Amino acid sequence: MNSNQKSTKSLYDIFFDVCIIGGGASGLAAAISVMEKNPTLSVCIIEKKDEIGKKILATGNGRCNITNSSCTELELVKAFLYNSGIVLEEEEEGRIYPKSGQAASVVELLKWKAKKLNVAMFTNCHVFRIMKNEEEGFDVHIDCANEKVFIPCTKVLLSCGGKSGPQFGTTGDGYGMVRALGHTVSKIHPVLMPIECEGIKASLKGIRAKGKVALLKEEQIIAEEFGEIQFTEDGLSGICMFNLSRYIKLDENSDVTLSGGFRQYSIEIDFLPQMEENEVIEFLKERRFFMASMPAELYLASIVNMRLGEEIMEEVLNNKNCTIGNITYEGIEEIAMLLKSSRFVVTGAKGWKEAQCTGGGILLDEINLETMESKLAKGLYVAGELLDYDGPCGGFNLHHAWLTGIKAGRSIAKAMAQNKVMGE
Ligand SMILES: Cc1cc2nc3c(=O)[nH]c(=O)nc-3n(C[C@H](O)[C@H](O)[C@H](O)COP(=O)(O)OP(=O)(O)OC[C@H]3O[C@@H](n4cnc5c(N)ncnc54)[C@H](O)[C@@H]3O)c2cc1C
């Protein structure tokens, strides 16, 4: 066990006013916010991994897409980050990053601030149970290097994340703990991940192309996105695919098999969303006229990714060596169809390890969303990905973690001040 303070004492002898379970984004925001409001309180973070903030380090490909300019209560989060020494820079689509482009700088600044405010941080400590105690507080039970100990506290914050990215410590431990305290957890599923599809030829792997993508369930469009599409060895990736993955939900209670459940979905790609299909046909006809003597494989060059264009031409033409002038009218129609509506059946989705977020979680109407306190268990607070919220890519999930952490921290400090006045 490592701690920046109080580590010499056995955990058996320690009492904390506030125990924060999970040292990720929401836990750090909460710990700092409690101590900023009331530095006389004793607050600890209990973290399962050997370091605080491991998942934050992996966010935004190591750049940390920290929030988004279209998020609600943006000023509150920006002020918290600014006061922690984090300088922000906005990029396209409102994505906000630390100016350095380094997630590590965010973690170091937050850890430093928490330390300066005397937050005790215990790492390599796995919380496995929270129980109400006789003092109207909680006992937090911990497995610390195979030794079972508990910490009594007055308020407890569960900020131990969801189930996505288990390699960063988030293995869904919080769901069982809140259920034991009376809460309901809606069905959870991995979201923001690549989608596995049938019919992706090996030769397409590595191609990146721009376009409009639609997710269809039984022929009905349920979500659409614009952006870069990446072809992988078994499917499609890229931010737009990650966002579409939020809508792939398997109905556990239906008779459909797992693979049948996925196959109800398909992805349709429009590589030329600016043009109608008839316009594409006219454009291709004109192009055939003045490029007639050129090799057919160059027909789509400079319109779409060159390798993608060659793959489309190979699929449509039997004769690899023909010229553009040899392409028939039916061939042009087929090319236009592949450019406007290439269809891939969904066969699966990457699981928890590749998912960036958890869909489902603790029901929001069981939580006071202003204070983040449980409506069912007084003194219990919840923040971050554990809650039934998931946002698209772009900084929305970290924003949710900072915001709910700040709110929880501030309201815990306020409630502790009221407790003290009442106890006097
Ligand atoms: C690869 C990747 C990239 C991402 N990129 C972005 C991005 O750029 N922008 C964005 O907005 N979102 C991003 N996300 C999502 C975002 O990181 C999370 O939604 C956010 O970190 C959730 O915050 P949290 O505080 O709820 O949980 P976390 O930050 O996951 O922290 C939870 C902590 O609790 C600890 N813990 C778990 N169980 C226990 C236990 N039993 N006892 C003690 N400790 C425990 C964990 O080890 C972990 O440190 C990304 C996610 C991943 C996986």
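**Note on a two-domain predicted model**

1. The centres of domain 1 and domain 2 lie 42 Å apart, taken over C-alpha atoms. Domain 1 covers 11-188 + 359-423 and domain 2 covers 194-350; these bounds come from an automatic or database domain assignment.

2. This is a predicted model, in which local features need pLDDT of at least 70, side-chain atom pairs count only at pLDDT 80 or more, and totals for chains, interfaces and linings use all residues. Residue numbers start from 1 along each chain as its sequence is written.

3. Five residues of domain 1 are in contact with five residues of domain 2 (C-beta atoms, placed from the backbone, within 7 Å). On the domain 1 side, two of these residues are nonpolar, one is polar and two are charged (Ala, Val, Leu, Ile, Met, Phe, Trp, Tyr, Cys and Pro count as nonpolar, Asp, Glu, Lys and Arg as charged, and the others, Gly among them, as polar).

4. The shell around the ligand holds 37 residues, of which Gly22, Gly24, Gly161, Gly169 and Gly384 come nearest (near: C-beta atom, placed from the backbone, within 6 Å). Helix 1 (25-37), helix 2 (54-58), strand 7 (125-132) and helix 11 (396-423) each give two or more residues to this shell (helices, H or I, of at least four residues and strands, E, of at least two are DSSP runs, numbered from the N terminus). Helix 11 gives the largest share, four residues. By class, the shell has 11 nonpolar, 19 polar and seven charged residues.

5. Six strands close into a barrel in the order 11-14-13-12-15-16, with antiparallel pairing (strands pair if DSSP finds at least two bridges between them). Strand 11 (residues 195-197) and strand 14 (residues 235-237) are joined by two bridges, and Ile195 stands opposite Leu236 in strand 14.

Notes: Two residues are in contact if their C-beta atoms, placed from the backbone, lie within 7 Å.
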